[in-house]
Structure formats: structure tokens, C-alpha cells
Amino acid sequence: MTDFFTKMNEEYAQKHFPGGSVFESAMKTVKRRSIGAIFFFGLFFAAALYGLIWGIGRTLEFTSDGRDDMLSVGIVICGFFGVVMLVCLLILLFLIKGSRKKRSDYIADSAKHSKLPVSEIEAFERQATASDCYILKLTAGLDRVLSNATNKDGLLTRDYIYLADPAQTVMRVDSLKACCFSDYTYYIDTGKHHKKIHCLAICLIAPGGVSVLSDTTEEAGRALMDLLKQRNNAIDTNEGRVLPENELDSYKKRML
């Protein structure tokens, strides 16, 4: 094939999917990230609790000293730390709930986002560790390191494609509407001004308004388009042109 796509092998499957399950592997990745986030927001919660206790103490001091002019300041301080505590608590509850999800929950969520029945998601998972599954390496270097995907590589099985996006979206290749390049931007603070950064992504569009964006290099993206066109000639590639960020929504509507 190409340098970007290799066939599934036992070594890769054992390393990335030791339980034979793509979603179990994703579940473990999310749990590892959740533990770090729980620790981080737990520290913020503890700091906010300390600040609230300190603020209440100061407010009581103002009251006992008859400094009514400072009472409103104490209330504002308590209110600030109280809000921070509440926000941290809500985030912690969300993270803890997410860390307790099981493989079956991930499959159900994937089916919901993919707008496919659970049976198809399970079929994808069975095909994912087969020897005819392609491992898709769409990114390299820093883009690969910074990727928020649950697995750094995508998968192309006999019938499905999966780019390991956070929503765990699975798409049928025979029903894909489009596979094209899209531009997206973000800003970084250089100290003197905000610099606009352009990034290249591959966009997959399936029936029902299901779509996925994944970072890619130009070479890997073109190789993926060629491979998908071999299996489904009806897929639109926008003739290989890069869609500007502000045209992506209108393009999706045309494809659907």
C-alpha cells in the first residue's frame, strides 16, 4: 500500500487492543486522562474550599470588629470561591461519571453518534483486528503528539472507517458521501499579538449528517481519498481542493 497505511498485525493488535476490543482500549485511554484531570480539578476544588473558609473567617472578623463597610467585600470573596468550588465540583462529577463507563456504554455511545445500530458497531470491532484491516497513520510529528484522538491511528476495515475521534464515530465505507480536505484555524499568543494558525484536516461525511474531522498531512489525506474511492467511487473528494473553514457547513449540506 503506502507508507501511511499498513495491514493489521498481531504485534500491533496486542499492543493497542490487548483485549481484542477497540472500545475497551479507548475506555482505558479516557480513564487515564480522567485520572489526571480529576487530580487537577481536585486541587482547584481544595484551593477554592480553603479560600472559602478563609473568606468566611474574614467576613466574620469584619462583622465582629464592626467594619460594616468591608462586609460587602467579604461577601464577594466568599461568593467568588463558592462559584469556583461549584464549577470544580460539577466538572469532577462529570469526569468521575465518565471514568466509570463500561465497554458496552462506549459501544452504545458510538452507535448513537454514528447513527448506526449497535450490531454494526460490534461488527466493526470484530473486523478491526482482522489481518485485512488497514492502520491509518494520517498525522506525524507534533500533530500526532497533540492529537486528542483516543487512538493515534485510524482504522479501515472491510466495511467501516474509524478515525478515533472523541465521539468514537464509525462510518460505513459504502455509504460515505464525501472525503475531502478542510482548513481550520486557531490562535496562539506570541506575547505581542495573537497569531492565526492554519491546520489541514480530512473530513468524512456520512448519511444522517454524521461527520468527522481529523488532522492529516496532505500526502496521507490524498492516499486515503484514493483508497476510499477504490471501494466507493461515489465519494466526493472536492477534486482534492481544500475547503476554507467558513465553507465546510455549506459543503456538508450539499453532500447530504
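Rings of Phe, Tyr and Trp, the last taken by its six-membered ring, form a pair if their centres lie within 6.5 Å. The structure shown here is a predicted model, and by this rule the count in it comes to 8 aromatic pairs.

**Aromatic pairs**

Two of these pairs are set out below, since a pair of aromatic rings is described by the distance of the centres and the angle of the planes.

| Pair | Centre to centre | Angle between planes | Arrangement |
|---|---|---|---|
| Tyr12 and Phe17 | 6.2 Å | 65 degrees | edge-to-face |
| Phe23 and Tyr162 | 6.3 Å | 70 degrees | edge-to-face |

Phe23 belongs to helix α2, which covers residues 22-64, while Tyr162 belongs to strand β4, which covers residues 160-162, and the pair therefore ties together parts of the chain that are 139 residues apart in sequence. Phe23 and Tyr162 are both buried, and ring pairs link Phe23, Phe124, Tyr160 and Tyr162 into a cluster. As for the other pair in the table, Tyr12 counts as buried because its relative accessibility is 11%, and the limit for buried is under 20%; Phe17, with a relative accessible area of 2%, is buried as well.

**Glu125 and its surroundings**

Glu125 is found in helix α5, which spans residues 118-128, and with a relative accessibility of 3% Glu125 counts as buried. When neighbours within four places in sequence are left aside, the residues in contact with Glu125 are Gly20, Ser21, Val22, Phe23, Glu24, Arg103 and Ile107.

Another part of the model is an open sheet of 4 strands, whose order is β8-β7-β6-β9 and whose pairing is mixed. Its edge strands are β8 (210-215) and β9 (242-243), each of which pairs on one side only. Strand β6 (residues 178-189) and strand β7 (residues 194-206) run antiparallel and are joined by 12 bridges. In this pairing, Tyr186 has Ile197 of β7 as its bridge partner. Helix α7, made up of residues 218-231, packs on the sheet and touches β6 and β7, and the direction of the helix makes about 155 degrees with that of β6.

How values were computed. Residues are numbered from 1 along each chain as its sequence is written. This is a predicted model: local features need pLDDT of at least 70, side-chain atom pairs count only at pLDDT 80 or more; totals for chains, interfaces and linings use all residues. Side-chain values use heavy atoms; hydrogens and water are left out. Helices (H or I, at least four residues) and strands (E, at least two) are DSSP runs, numbered from the N terminus. Buried means under 20% relative accessible area, exposed over 50%, partly exposed in between (1.4 Å probe, protein chains only). Contact means heavy atoms within 4.5 Å. Two strands pair if DSSP finds at least two bridges between them. Axes are lines fitted to C-alpha atoms, for helices over the stretch in contact, and angles run from 0 to 180 degrees between N-to-C directions. Rings of Phe, Tyr and Trp (its six-membered ring) pair if their centres lie within 6.5 Å; planes under 30 degrees apart count as stacked, over 60 as edge-to-face and the rest as tilted.
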